[in-house]
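Trainee: I would like to go through this structure with you. Could we take the chains, the domains and the charged pairs in turn?

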Protein chains: 2
Amino acid sequence: MTDLTERASKLDAEDPLAYLRAEFDLDPAVVYLDGNSLGAPPRRVADRVGEVVREQWGRRLIRSWPESWWTAPERVGEKIAPLVGAAPGQLVVADSTSVNLFKALVGAVRLAPGRREIVVDAATFPTDGYIAESVAELTGTVLRPVAMDELDYVLGDQTAVVLLNHVDYRTGRLYDMAAATERVHEAGARVVWDLCHSAGVLPIELDALGVDLAVGCTYKFLNGGPGAPAFIYVPHDLQESFRQPLSGWGGHRDPFAMAPAYEPAPGIARARAGTPDILSLLALEAALEVWDGVDLDDVRAKGLALTGFFMECVDELLGDAVEVVTPRDGNRGHQVSLRHPGAGALVAEMTAREVIGDFRTPDVLRFGFAPLYTTYGDACRAARTLSDILADAAAGH
Amino acid sequence: MTDLTERASKLDAEDPLAYLRAEFDLDPAVVYLDGNSLGAPPRRVADRVGEVVREQWGRRLIRSWPESWWTAPERVGEKIAPLVGAAPGQLVVADSTSVNLFKALVGAVRLAPGRREIVVDAATFPTDGYIAESVAELTGTVLRPVAMDELDYVLGDQTAVVLLNHVDYRTGRLYDMAAATERVHEAGARVVWDLCHSAGVLPIELDALGVDLAVGCTYKFLNGGPGAPAFIYVPHDLQESFRQPLSGWGGHRDPFAMAPAYEPAPGIARARAGTPDILSLLALEAALEVWDGVDLDDVRAKGLALTGFFMECVDELLGDAVEVVTPRDGNRGHQVSLRHPGAGALVAEMTAREVIGDFRTPDVLRFGFAPLYTTYGDACRAARTLSDILADAAAGH
């Protein structure tokens, strides 16, 4: 145990990203390992939001719309673009992930006329499956949930679109975006990637891989705040043919002309729907400034090291008491999931001891490691706390 | 002119709602008559949002979701409910107006199987028409735009749903919700009311009139902030049969069970879609506290008096130089629209002189009167400023 503590100290001392933790407003008493559910607040957000309310809203009033607000969805999109390998003009931030999934899936089905199936990873985050089910009903297609390792067997000339998660929210397994995209394209279908658990985790190459559409949330590793608006990616070569169903005035070619007929904007703005939610959008904009000058290769290296070190601590301190569900090779995001029949109660007791992870039904303890602010010391303390709780329970405390 | 100024002072001195202006953070140098586009910030919002970021997000972190965030859409809905005549459990706040229109219209079409037409006011705010067009395409119905005074002639056994604006955004005309709802129901169709320009303006009786569905924004007379989330109303008797297409996990019966199949929540929660946008939602919650103890009859009386007084000022100071488009009888919201061929330039020059209204293409100057903070003095100064500008122009300044 002492050895692990010493190693954690050494790893933290040598960490090239350690300076970033000071950018976050974190309670020093707490070990926060749930940044894959809700990222921690970057310090600058609180003041920025206050300033937006007092100055932009209070003093400039309606004038702020043309001055800076109306184009915020595109402007904030440009700050996320480099994190997902997208050249400018292809991302917009607005609405929730579920709403953007709906836009993307209907848009994708319309890009594949005559094809009748929407394929979705059967272990997907539920909202993805629910939205896909609704899109199938509205577009007269059929929803086909499949296990990821059976993808090859179901793709064919009836496949319109395939909705995939880059990282499995439960196990933390990372899928090979290049290989899966290629297979979907070989079948002549469109792929929609859900990047909720991978944006801000590792370098993503949407443009280079020829991904058709992607969506992702901004409140996990991007630290945008609770329910912060999500992003949608539509590459240049698909924009002209992309027709999404939430055709609000925000996506119109000339919104303030108040024209009676809908005519989609020529670029990525056509992925917008209604009036954008400015307070949340500008909170997110402030939060994203933390990424300026950060190299995603460093982030990825630290994320793998943190999760790897945590698994080592678990092995040493917990042994067979829990099962490590997350892949031990490089095919994982920045989370480690442990299986234990008492997972719910264990997570609650860890929280009572100020180590915050989360519980995913029925038996998973899930810990997220955010390289911008998680330390090796955090990883070590989390494993030790879990070990202490199990020891206390065994001793009948 | 002096007489008008004196009358304005007297009216302000006698105004029973005058005390509310102090609740708003307004620049004393500015006359703000655009609260029908973006309401002014209630003072308490800036601090509340800072507190949400620092305390609820920063200190409680993920624990805030079960503690207070997850149910915020319903909780904030309950604060709006009395303003629109809805008993508890029928409103939810989340997503933009456009997105909620989409939910409502698809839901309404599904309530009227076998009927093939969506009827919409031809002069509707554009986003309503755009969304209705998209819903028609997805549901295999036909969109039929009609002038409001021809509504009687088009309703019939093919009408599935009628989407109506309570107040015309351009002219300020208020429609008779009771009469129109009754006519739609006589035809066996469903009515969806857009309350964007009437929520916070006058007592609305959604429950008493048997309205089927309604949506409205919160950033105009409800002062929720730029792009604040909108509300949707689904009455108790329709909730069980209401099936909306944005079936994200937020509307699921048991969201955290992460069940593979979508099962809508039993109550109004089924109108929710994805993860709610908390910063904006809680800013709105703070903004709505300004309404505590306010009687909507007083608000309506002052709104009619303010707009009436402004029209008097316009008549006296501007004569035939502008055309008053807004009805002079009681059938108006809290706005006055004036027509002038140089409307765009006039609004710009008024803004330069710190009197803020807005321009609606091609020739409308639009002024909103928010009884919680607009004064009779504001109305008088606005008319005088416009008169001065026209006089300066005539004198070749």
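This is a predicted model: local features need pLDDT of at least 70, side-chain atom pairs count only at pLDDT 80 or more; totals for chains, interfaces and linings use all residues.

Trainee: How many residues are in contact between chain A and chain B?

Mentor: The contact joins 79 residues of chain A with 79 residues of chain B. About 6400 Å² is buried between the two chains, and carbon and sulfur atoms give 63% of that area.

Trainee: And how many salt bridges and polar contacts does that interface have?

Mentor: Eight salt bridges are found across the interface of chain A and chain B. There are also 25 residue pairs in polar contact, with both residues at pLDDT 80 or more.

Trainee: Which elements of chain A give two or more residues to the side that touches chain B?

Mentor: They are α2, α3, α5, α6 and α11 of chain A. Of these, α6(A) gives the most, with nine residues. By class, the side of chain A that touches chain B has 43 nonpolar, 21 polar and 15 charged residues.

Trainee: Which side chains meet A:Glu137 in a salt bridge?

Mentor: The side chain of B:Arg243 does, at 2.7 Å from N to O. A:Glu137 lies in helix α6 of chain A and B:Arg243 in the loop between α10 and α11 of chain B, so this pair joins two chains.

Trainee: Are those two buried or partly exposed?

Mentor: A:Glu137 is partly exposed at 45% relative accessibility, and B:Arg243 is partly exposed at 38%.

Trainee: Which residue forms a salt bridge with A:Glu285?

Mentor: A:Arg75 does, with the side chains meeting at 2.8 Å, N to O. A:Arg75 is in helix α4 of chain A and A:Glu285 in helix α11 of chain A, so the pair ties together parts that are 210 residues apart in sequence. A:Glu285 counts as buried at 14% relative accessibility, whereas A:Arg75 counts as partly exposed at 30%.

Trainee: What about A:Lys103, buried or exposed?

Mentor: A:Lys103 is buried, with a relative accessible area of 0%. The residue lies in helix α5 of chain A. Leaving aside residues up to four places away in sequence, A:Lys103 touches a set that includes A:Asp95, A:Phe242, A:Gln244 and A:Arg272.

Trainee: On to the domains. Where are the bounds in chain A?

Mentor: The domain assignment gives domain 1 as 2-17 + 294-394 and domain 2 as 47-291. Their contact takes 24 residues from domain 1 of chain A and 19 residues from domain 2 of chain A. The centres of the two domains, taken over C-alpha atoms, are separated by 30 Å.

Trainee: What area is buried between them, and which three residues supply more of the domain 1 share than any other three?

Mentor: The area buried between domain 1 and domain 2 of chain A is about 1700 Å², with 63% from carbon and sulfur atoms. A:Leu296, A:Gln335 and A:Leu372 supply 30% of what domain 1 buries against domain 2, more than any other three residues.

Trainee: How many salt bridges and polar contacts link these domains?

Mentor: The salt bridge count between domain 1 and domain 2 of chain A is zero. There are 10 residue pairs in polar contact, both residues being at pLDDT 80 or more. On the domain 1 side, α12(A) provides the largest share, four residues. That side comprises 11 nonpolar, eight polar and five charged residues.

Trainee: Finally, how many salt bridges are there over all chains?

Mentor: The count is 56 salt bridges over all chains. One of them is between B:Asp152 and B:Arg183, whose closest N and O atoms are 3.4 Å apart. B:Asp152 lies in helix α7 and B:Arg183 in helix α8 of chain B, so the pair ties together parts that are 31 residues apart in sequence. B:Asp152 is partly exposed at 43% relative accessibility, and B:Arg183 is partly exposed at 29%. Salt bridges that share partners also join A:Glu23, A:Arg44, A:Arg48 and A:Glu289 into one network.

Methods
Residues are numbered from 1 along each chain as its sequence is written. Chains are lettered from A and ligands numbered from 1 in the order in which they are written. Side-chain values use heavy atoms; hydrogens and water are left out. Domain bounds come from an automatic or database domain assignment. Contact means heavy atoms within 4.5 Å. Buried area is the accessible area (1.4 Å probe) that two parts lose on being put together, summed over both. A salt bridge is a side-chain nitrogen of Lys or Arg within 4 Å of a carboxyl oxygen of Asp or Glu. A polar contact is a pair of N or O atoms within 3.5 Å; within protein, one must be able to donate a hydrogen and the other to accept it, and residues adjacent in sequence count only if both atoms are side-chain atoms. Ala, Val, Leu, Ile, Met, Phe, Trp, Tyr, Cys and Pro count as nonpolar, Asp, Glu, Lys and Arg as charged, and the others, Gly among them, as polar. Buried means under 20% relative accessible area, exposed over 50%, partly exposed in between (1.4 Å probe, protein chains only).
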